[in-house]
Amino acid sequence: MTLAIVLAADPAASHLTERLAAQWRRAGADDVRIAADLTELADLVADATGPVLVSGADLVAHTAVLKHLATSPVGPTVALVLTDPPAPGQATVREERGQVVEVGAADASGVFGGALRVGAADLPALVEAARRAAGTAPDLASAPDARLTDPASAPEVSAADPASAPGVSAAEGGPLGAVDRLVAGLAARGTLIFAHRVRLLVAHRVGDEAQREAAEAAVAAVDEDRAELKLSVKERDDFFTTFFVSTWSPYVTKAAARIGIGPTGVTMVSVAFAVAAAVLFGTGGRPALVAGAVLLYLGFVLDCVDGQLARYTRHFSAWGGWLDTMADRFKEYVVYAGLGFGATHAGFRYGWALALAAMTLQTVRHMTDTWYGALHDEAARRPKVVTADAGGIGGKLNAASTRVQADTGSVSYWLKRTVVFPIGERWALIAIAAALFGPLVALVAVLVWGTLAFAYTLGLRTLRARWMRVPVLTTVDAGLHRDDGLLARTLPTARRPLLLAVLGALGAAGTLVWALLAVHGGGDLPVFVPVLALVLLLGAAQASRAPHGGSLDWLVPAALRAAEYLFAIAVGVAGRAPAWLIFGYVLVLTLHHYDLTARLEKRQSAPPLHAATLGWLGRSVLLAAAATTGTVSFALATMTAYLFVVFVASVVLAWVVLPARARGGVRSPG
């Protein structure tokens, strides 16, 4: 149950209290209360069991603004952030990458909008912040400041007023208002707060009658539904999506909402279009290739529509976010399979090899994207420290990137967004190249552009990561996201995880090259080659329990993915397994690994049956054993079927069985 509380501590704004209470009800709150002060608010929150919505009584806004805040999918605790000029008593905030990283910042990027949603896990911190701000909580010797820093090194905060903390002050001097003291105290306790910006709609905090009338007039002047439809489109998207999809996809979104189709239904139709396109690409012939290109484009439009529909209808769920991530990758890789089959069918011997290369390259790229994003998020939550190389190449690249991203619409902005080869550009290139030139050219084009984009992003991100110096893997379960199994965890511990992972990937790559040359020449791969590669993989696994605190250790998961995939392909080639079988095995592995990254991005726990997947090292050892016994094809087929069954069972457990037990009051295992 969602509780909404209007804090009517300011008598001058009390006439807005009932209006806000009614708006919270229309925004979806199950229970709405009015608190006269922070002490009463703390008592109400102490009894809450679900998310709590809090607002001051000085807020004039569209109901949609409150609904968007209440349903925001970015995180459990979210604060409204405005770009209005700060007024006395209002707390300024600084945000980075969508996170409120400082309250009362000198270099503020906005002002607190007087409303926030607090997730159930953060309610104890909210209660403590409210009582301390009201002066009723027990005194504490010290507390962290409003920035999200290490509590052990944080300065003292006054028990009576969180606004006395360093960096927590009113925008124009003087004491903070009640709701502002509340968000300042919440941030002071290290709570991760995400920022919700207002775009196209209206939200203002008012201090007198003239401001109230002006704000209400501004609210009345905006067509709320029309603005919400525009808001369903991402504010910043890639070039192809912006100019060739989002110009007309909102009409499809509106039609889907009227018909009653949900985001999941749109996702499934998008998958069907992509599968049909893959079949047509595999069939060959100009009409089939052109039809496949059209279906692929329409499938991508629907891929955009499912997210737009979720934002327009505010139907967000962890399942929907997970499904969208998994469906995107499955669709793309099925298309690669269709292109690989089509190229082979047209007489090119290595069509499936190109498809495998494209899938492996894209997956490794995505792994670096995920972990670099986690690195950036962690860096944003840490205090800014001026280092000796702040003016070095890493610092200059960071500043240049910030300037380009801020200059939306410029040539440099669109070049930066396009050169990294995002999904819209990939699908557009595949559709155009396949329709005009055929599957072989489409795969080669994807590989060439993808390789150049990977080199570009990897080089720049490496320089910037060394400059940021943030040990991101120390903040997560490294063993889980490395996909280490029982075998890897039983090995002796070695240091230098990145070096060992890279050596493992190089050993696997060398084995693959040797296997290709041996098979092409009609011979067999010497036994010592995969054995040596396996030794290097064993070395990489020994870093499983080692600290991943290096500035570049965010590259470890991607290096391990490359090592496992390349080793599996090498064993398959050496064992003369069918190319489509090797592709199928690696495809199942990618689904498993995307499941892990999706859970990382959504801050979820491990899949229920993760231990049953054996870990990357366990799977590699089994394949090596199959290579020595001449049963590679059998092993690949068996492991593909086994891992797929485990994946499906894990999905059913995670999204159907365990949630049903939780709703029925049955405690979930683990």
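## Helix packing and a pocket

Helix α11 (residues 286–313) packs against helix α16 (residues 423–436) at an angle of about 165 degrees, with the axes 7 Å apart. The angle makes α11 roughly antiparallel to α16 (over 145 degrees). The structure is a predicted model, in which local features need pLDDT of at least 70, side-chain atom pairs count only at pLDDT 80 or more, and totals for chains, interfaces and linings use all residues. Residues are numbered from 1 along each chain as its sequence is written, and side-chain values use heavy atoms, with hydrogens and water left out. Helices are DSSP runs of H or I with at least four residues, numbered from the N terminus. Axes are lines fitted to C-alpha atoms over the stretch in contact, and angles between N-to-C directions run from 0 to 180 degrees.

On α11, the contact (heavy atoms within 4.5 Å) is made by R286, L289, V290, A293, L296, G299, F300 and D303. On α16, the contact is made by I423, G424, W427, I430, A431, A434, A435 and L436.

The second largest pocket has a volume of about 590 Å³. Its lining numbers 22 residues, with Y350, A353, L516, V573 and A579 nearest the centre. Lining residues have an atom within 4 Å of a point on a 1 Å grid, and a pocket is an open set of points where a 1.4 Å probe fits, with protein on both sides within 12 Å along at least five of seven lines. Helix α13 (351–381) is one of the helices that supply at least two lining residues, and α13 gives the most, with six residues.

The table divides both residue sets by class: Ala, Val, Leu, Ile, Met, Phe, Trp, Tyr, Cys and Pro are nonpolar, Asp, Glu, Lys and Arg charged, and the others, Gly among them, polar.

| Residue set | Division |
|---|---|
| Contact of α11 with α16 | twelve nonpolar, two polar and two charged residues |
| Lining of the second largest pocket | 16 nonpolar, four polar and two charged residues |

Key. Parallel < 35°, antiparallel > 145°, perpendicular 65-115°, else oblique. Points joined across faces, edges and corners; volume = space filled by probe spheres on them.
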